[in-house]
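Work through these exercises with the model in view. Try each task before you read its solution.

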Amino acid sequence: MHDPPGIPHPLSSRCCRGASIRGFLAGLALLALALPVTAEDYPAGSSIDWKSWDSELFEESEARERPIFFYFHGQWCTWCRDFQDESLEDPSVADIINEHYIPVLVDLDERADLFRRYGGRGLPFVVVVNPDNEILTRFTGHMNRRDLEGILQAQRDIFSVTGREITPDDAAITGLDTFMEMLDEVYDARTDRLSGSATFGTLSKRPQPWTYRFLLASDGWEDRMPGLLDQVAEDLYDEVEGGFFFFHDPDQRDPVLALETSKRLDQNAAFLWLFSEAYEHIGDEHYAEIARGIRDYLRNHLWDSRQLRFGNSQYADRDYYQLDAETRTQTDPPQVDRNTYADTSGQAIAALANMARVMEDRETLAWAGDALEALDRYLQTRHGYLHGITAAGRPAMEGYLPAQIWPEIARQELARAAEALDGERPDLPDPVTALDRLEPFFDADLGAHAERIGTDLEPWSETRTQAALAWWLYRLPDAAIDESHIERETIRKRLRIEPGADPDDVALGFDALRRGF
């Protein structure tokens, strides 16, 4: 663990020294003592001999002549629980996994780098690799026991990650014009969704809040946006407690099964940003009400007012969300994952600051400032931000690129909001210092900033992270970028959507391009 440096308040030029490492460790100990006791989560009671991720697994795989069975899950995920109960823990399936594979359980949020490295798009997600880390089998979703058993016995190749077929004719989208053409093709006026088919392929059914935000300021979409916004709110917004649910499948006939009732911090941050700016662009007070409902949800459920940090998600619970509003108030809500992550918390803080600017809400701005100051205390080190800190106070993973980007976007948004409300831009730390922390991530052979450093994995980059990086950089003074190691063109080249990806992966990057990055 690193000794955290002195951190200035995001809206102040004053700088005070951070705690010593002894004080920091003592703070973590007190934090752990303050935590509530939580229910046991998977793999409690599992009949599978799960291991944790370790690079030495590949040596074990070669020595034992067994492939590695990676299972990525989230404690908040309904479909993961169903997959575990109905398929993975079936005695015959568990026996096959224990006898013929090296089973490795990976929490998506804690190891988001591995999830994306192996091509994860949704949960549950299974990847089987050989000792050379070559993918043998990969699939997403709840597979029934019989099909899973057949795949494990035959080790058949399955590479359908998103539920749609990719053909050799599919080409990546690399520019604004082709991006807009694709969005126009997948727009379905009958359902008010981006769910149709295009030459690029059929979009997944996951919501696309960053893409919707991009389209708010796009020519030709003015008449379409109210229908799109109203439909996504009808699909996913919780009118009782606020916040957006994770997923809705309009093709599922059973309305209970159609809704994935988990609520995630990052997605609610994106929707908060979207509906704040929808109010700003369109002026419909209903969008302001939804934005305030998301803000209140974050404060009432995901925010810990004692520790001044955000939990990362609230668990799905179909039964709870079927209750009427009055009964809900008398029932314990679903559990919250109290792990805190730099990237998702940065997204929430930035979204709150943006809302404060739009709504002229100084109280929300002050809250966002306090949240960033605390995030700096918890997670910033001399070498950059840690990925996260667990509910029990254990630091989680160094050298993760998204963790370096989103707190800095939040810092910029706080300054922007303060300037809009008070007429004067507050002093900020020199951005060159933050940019210099990214230099170790740049890989010359890759020609890009790598998603991870300090790992045995081969360097790789992720479009979503490159897009966020571009979005941060376009806000910075040109002189700061010119003084740093960063060359804009290397980042522009990474702003592309490969077949099988979602527009949300690149929407922020294309927004930066549109604004002159």
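A crossing of two helices is left-handed if the near helix is turned anticlockwise from the far one by less than a right angle, and right-handed if clockwise. Keep that for the first two exercises. The model is predicted.

**Exercise 1. The pair H11 and H15**

Task: Work out how the axes of helix H11 (residues 265-282) and helix H15 (residues 342-359) are oriented, and state the hand of the crossing.

Solution: 
- Start with the axes. Those of H11 and H15 come within 8 Å and cross at roughly 15 degrees.
- Apply the cut-off. Angles under 35 degrees count as roughly parallel. H11 is therefore roughly parallel to H15.
- H11 and H15 cross in the left-handed sense.
- Find the contact. H11 contributes residues including Leu265, Ala269, Leu272, Trp273 and Glu280. Among those from H15 are Thr344, Ala348, Ala351, Met355 and Met359.
- Sort by class. The contact of H11 with H15 holds twelve nonpolar, five polar and four charged residues.

**Exercise 2. The pair H11 and H12**

Task: Do the analysis again for H11 and helix H12 (residues 285-302).

Solution: 
- Read the geometry. The axes of H11 and H12 are 8 Å apart, and the packing angle is about 155 degrees.
- Apply the cut-off. Angles over 145 degrees count as roughly antiparallel. So H11 and H12 are roughly antiparallel to each other.
- The crossing of H11 and H12 is left-handed.
- Find the contact. Phe271, Leu272, Phe275 and Tyr279 are among the H11 residues. They belong to a group that meets H12 residues including Ala288, Ile294, Tyr297 and Leu298.
- Sort by class. The contact of H11 with H12 divides into 15 nonpolar, two polar and two charged residues.

**Exercise 3. Strand S1 and its partners**

Task: Is strand S1 buried or exposed? Which strands pair with S1, and in what sense?

Solution: 
- Check burial. Six of the six residues of S1 are buried, so S1 is largely enclosed by the rest of the structure.
- Check both faces. Ile68, Phe70 and Phe72 point one way from S1, while Phe69, Tyr71 and His73 point the other way. All of these residues are buried.
- Take one partner. S1 (residues 68-73) pairs with S2 in the parallel sense, over six bridges. Phe70 stands opposite Val104 in S2, and Tyr71 stands opposite Leu105.
- In S2 (residues 102-107), five of six residues are buried.
- Take another partner. Strand S3 (residues 125-129) pairs with S1 in the antiparallel sense, over five bridges. There, Phe69 has Val128 as its bridge partner.

**Exercise 4. A loop residue**

Task: Where does Thr191 lie, and how far is it from Gln231 in space?

Solution: 
- Thr191 is in the loop between strand S5 (187-188) and strand S6 (193-194).
- Thr191 has a relative accessible area of 26%, so it is partly exposed.
- Compare sequence and space. Thr191 and Gln231 are 40 residues apart in sequence, and 8.0 Å apart in space, C-alpha to C-alpha.

Conventions: Residues numbered from 1 in each chain as written. Predicted model: local features only at pLDDT ≥ 70, side-chain atom pairs only at ≥ 80, totals over all residues. Heavy atoms only, no water. Buried < 20%, exposed > 50% of the residue type's maximum accessible area, 1.4 Å probe, protein only. Helix = DSSP H or I, 4+ residues; strand = E, 2+ residues; numbered from the N terminus. Pairing = 2+ DSSP bridges. Axes fitted to C-alpha atoms, helices over the stretch in contact; angles between N-to-C directions. Parallel < 35°, antiparallel > 145°, perpendicular 65-115°, else oblique. Contact = heavy atoms within 4.5 Å. Nonpolar A, V, L, I, M, F, W, Y, C, P; charged D, E, K, R; others polar.
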